[in-house]
Amino acid sequence: MRRTPFRRPPVKGRRAVLAAGTASAVAAATLVGVTLGLAPSASAGEFLVNGGFESGSLGPWSCTGNTGSVVTSPVHSGGYALAAAATASDTAQCGQTVAVAPNTTYTLSAYVNGAYVYLGVDGGGPSTWTPSTGGAYQKLSLSFTTGANQTSATVYTHGWYGQGTYYADDISLDGPGAPSPTPTPTGTPTPTGSPTATPTGTPTGTPTGTPTGTPTGTPTGTPTGTPTTPPPAGSHALVGYLHASFANGAGYTRMADVPNSWDYIDLSFGEPTSVTSGDIRFNRCSPTDCPTVESDADFKAAIAAKRAQGKKVLISIGGQNGQVQLTTTAARDTFVSSVSAIIDKWGLDGLDIDFEGHSLSLNTGDTDFKNPTSPVIVNLISALKTLKAKYGPGFVLTMAPETFFVQLGYQYYGSGPWGGQDPRAGAYLPVIYALRDDLTLLHVQDYNSGSIMGLDNQYHSMGGADFHVAMTDLLLTGFPVAGNTNNMFPPLPASKIAIGMPATTNAGNGYIAPSEVNKALDCLTKLTNCGTYVPRSGAQPNLRGLMTWSVNWDQFGGREFSKNFDGYFGR
């Protein structure tokens, strides 16, 4: 979850994002492309301008957060290439929008170099990430067909959070009806290497194709034990994070002023004294930063009043700044005692785990999510089970992982069979699996996310209902981890799943209008009003509800999110 106001960077999960989806959604997420209003010719050819960056400048490419630049090395060919610096809050997405013809097939390709680089087009496509950090250029390509009324397309490339600079060169969009004359780079491209003589091609020891175990089939069937009868009245829940320890553009909301729409209120955030200490502290926002903050006594009394109304109030641990790595049993035990002290002091119902960034990762060789061996995973599981046992069956445990740590596990898990993948990929899966009986709610952050493959083996991007449907269906249906059908992550009951969405455009990247929120709910709970993705899990009327970042941003936005939720479920 994020503290700062959005328009780079956004909020919750406190990460920034790439924007993918329709061309308009991309533009709304600050990927401002340039539409080329050129009349197409009858011949096939190149659609992109400056795809090799041989002009020595970015134009007409545009990169999020001013993360892009043109460099002279390393290049794939010619004298220039794109360099885009992915940070902890920005995936460095760079794109260009071009005029295309309806009902036409195009081929998009690029040579990329760096950690987990993705090539995509608005609306998705059968592409893939580079399988490793590598040290040389690798080619990515995909084909896509435009819709019946489509006249423009935005192509883009991006990296991944905290992975540093990636490079892209010779990006090409080929198809019939290219602009005439076909745009060509200045100068004659000649193959060159990096200053360190890195060979062009695939790095030694790195697979040249799709990683072993990438999904080739689609799981089918309805989750065992998932209720199929409509839930009783009042069983749907709205989860919101309350900015209790910091200030940002959303303004401060007093606990007593939190509207009754919110069923779960997550106090943000408890953070460690150091990354590996396990010593969690919850410090309320100061009067200097939050002039309207209430006293500790009033805050505690308001918590008690909310709980008396049947609301659940939790301490959320982590967020973007609160990196927590329980590397030792001592840190584990300190975590248990310090979290217990917070719960007891404020009279809370339980705990929300919002571990992000580098809090969770899998050691090399830790490949079985059912039997993890990485200390940070094993110790977290042990700590949560201890807290559950200490407080009993009424203890509320929720988790708010990002898609990278859960749904990406369908394709990649840990460092992978060749050791070149991000060790954080799918790292929440062993924690969710081990705590599945103790878990009250799982609400994955379906925002600030890269494009993720669904059970249809297509990549899905933020910006519409389909993304939420595809991401939620992975949880409701279950999936083979890293494509290994002998290592299935089992489905979760719909009653334990809420969908994470940003409350406003200011709150985080991936905001969708109430009509799209309702479309996603219709598709998942009733199997009606579905878009291109139809859930394999069937209708799930017991879907628990929605989570949002945040209560404060919802207040700032006139309560659009919470009022729509109440209206949809007739509350």
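Numbering the bonded cysteines of the protein chain in sequence order, what is the pairing?

Modeller: The model is a predicted one. Counted in sequence order along the protein chain, the bonded cysteines pair as 1-2, 3-4, 5-6.

Cys63 is joined to Cys94, with an S to S distance of 2.0 Å. Their link is right-handed, with 115 degrees about the S-S bond. Cys63 belongs to strand 2 (residues 62–63) and Cys94 to strand 5 (residues 94–99), so this pair ties together parts that are 31 residues apart in sequence. Both Cys63 and Cys94 are buried.

Another disulfide is formed by Cys285 and Cys290, whose sulfur atoms are 1.9 Å apart. The link of Cys285 and Cys290 is right-handed, at 75 degrees about the S-S bond. Cys285 has a relative accessible area of 5% and is therefore buried; Cys290 counts as buried too, because its relative accessibility is 2%.

There remains the disulfide between Cys523 and Cys530, with an S to S distance of 2.1 Å. The link of Cys523 and Cys530 is right-handed, with 100 degrees about the S-S bond. Cys523 is buried, at a relative accessible area of 1%, whereas Cys530, at 25%, is partly exposed. The cut-off here is that buried means under 20% relative accessible area.

Methods:
Residues numbered from 1 in each chain as written. Predicted model: local features only at pLDDT ≥ 70, side-chain atom pairs only at ≥ 80, totals over all residues. Heavy atoms only, no water. Disulfide = S-S within 2.5 Å. Helix = DSSP H or I, 4+ residues; strand = E, 2+ residues; numbered from the N terminus. Buried < 20%, exposed > 50% of the residue type's maximum accessible area, 1.4 Å probe, protein only.
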